[in-house]
Amino acid sequence: MLRSLYLLAAVHGPHENIKASTVATLPRQRAARAITRVTEVLAHLDLLDDDRIDPLDAWIQRRLSNVHPEIRAEAPVWIHLVRHDGPRRRPRSTATVRNQVMASIPFLLDCSKRYRTLRQVTRADLAEWVSQCAAPHNEAVALRNMFKTLRSQRLLFANPARGLSLGARPASGPRR
């Protein structure tokens, strides 16, 4: 760890922030944990500039790239609250976030063709969408969660997904 800190100190000036991506490119001598420890020490000294991009954030941005800009600005509010936490809400696992985003992206893309914002979505649009889905339960759960969250954040005036039928739950059985 000391060798890595000496190397960084030789390259950077005093009180200059060091990028986390630079720390990650350091040669790994004996233990990979040394890089983690160097990052912790620099963060404690307020010398770390965390420029790393979260892979899940990049994945979400790629999925939302074809969505209308106004809808693309509304959806991350929901995703952020599902990923992290909010008042009276626990953060969900990465798998849950991925599943809910994957279930909602086709609906958001379809809405982008017809509407500029999610405020224009009606209950009939949601019912029609869910009836056409191959696995309606998963999509309905994701859409209900999204609209409920956006309504609680006052981005929507009404929740069109309130009382939306979830459909039959997918059968779970032993996997081979």
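Trainee: How do the axes of helix 4 and helix 5 cross?
Mentor: The axes of helix 4 (residues 55-64) and helix 5 come within 11 Å and cross at roughly 150°. Axes here are lines fitted to C-alpha atoms, for helices over the stretch in contact, and angles run from 0 to 180 degrees between N-to-C directions. Helices (H or I, at least four residues) and strands (E, at least two) are DSSP runs, numbered from the N terminus.

Trainee: Are helix 4 and helix 5 roughly parallel or roughly antiparallel?
Mentor: With that angle, helix 4 and helix 5 are therefore roughly antiparallel to each other. Angles under 35 degrees count as roughly parallel, over 145 as roughly antiparallel, 65 to 115 as roughly perpendicular and the rest as oblique.

Trainee: Which residues meet there?
Mentor: From helix 4 come Leu 56, Asp 57, Ile 60 and Leu 64, and they meet Arg 72, Ala 75, Pro 76, Ile 79 and Arg 83 in helix 5. Contact means heavy atoms within 4.5 Å. By class, this contact of helix 4 with helix 5 has six nonpolar, no polar and three charged residues. Ala, Val, Leu, Ile, Met, Phe, Trp, Tyr, Cys and Pro count as nonpolar, Asp, Glu, Lys and Arg as charged, and the others, Gly among them, as polar.

Trainee: Before we go on, what kind of model is this?
Mentor: It is a predicted model, in which local features need pLDDT of at least 70 and side-chain atom pairs count only at pLDDT 80 or more, while totals for chains, interfaces and linings use all residues. Residues are numbered from 1 along each chain as its sequence is written, and side-chain values use heavy atoms, with hydrogens and water left out.

Trainee: What is the mean pLDDT of the protein?
Mentor: The mean pLDDT is 85, and 90% of the residues reach 70 or more. The pLDDT is the predictor's confidence in each residue, from 0 to 100.

Trainee: At what angle does helix 4 pack with helix 6?
Mentor: Helix 4 and helix 6 pack at an angle of about 10°, and their axes are 10 Å apart. The two are therefore roughly parallel to each other. Helix 4 contributes Leu 56, Trp 59, Ile 60, Arg 63 and Leu 64, and helix 6 contributes Thr 94, Val 97, Arg 98, Val 101, Met 102, Ile 105 and Leu 108. These residues divide into nine nonpolar, one polar and two charged.

Trainee: Let us move to helix 7. How do the axes of helix 7 and helix 8 cross?
Mentor: The axes of helix 7 (residues 123-132) and helix 8 (residues 136-152) come within 8 Å and cross at roughly 155°. That makes helix 7 roughly antiparallel to helix 8. In helix 7, Leu 126, Trp 129 and Val 130 meet Pro 136, Glu 139, Ala 140, Leu 143 and Phe 147 in helix 8. This contact has seven nonpolar, no polar and one charged residues.

Trainee: Switching topic, which residues have a positive phi?
Mentor: Asp 46 has a positive phi of about 60° although it is not a glycine, and Arg 154 has one of about 65°, again without being a glycine. Most residues other than glycine have a negative phi.

Trainee: Where are Asp 46 and Arg 154 placed?
Mentor: Asp 46 is in the loop between helix 3 (33-44) and strand 2 (48-49), and at 62% relative accessibility Asp 46 counts as exposed. Arg 154 is in the segment after helix 8, and Arg 154 is exposed as well, with a relative accessible area of 73%.

Definitions and conventions. Buried means under 20% relative accessible area, exposed over 50%, partly exposed in between (1.4 Å probe, protein chains only).
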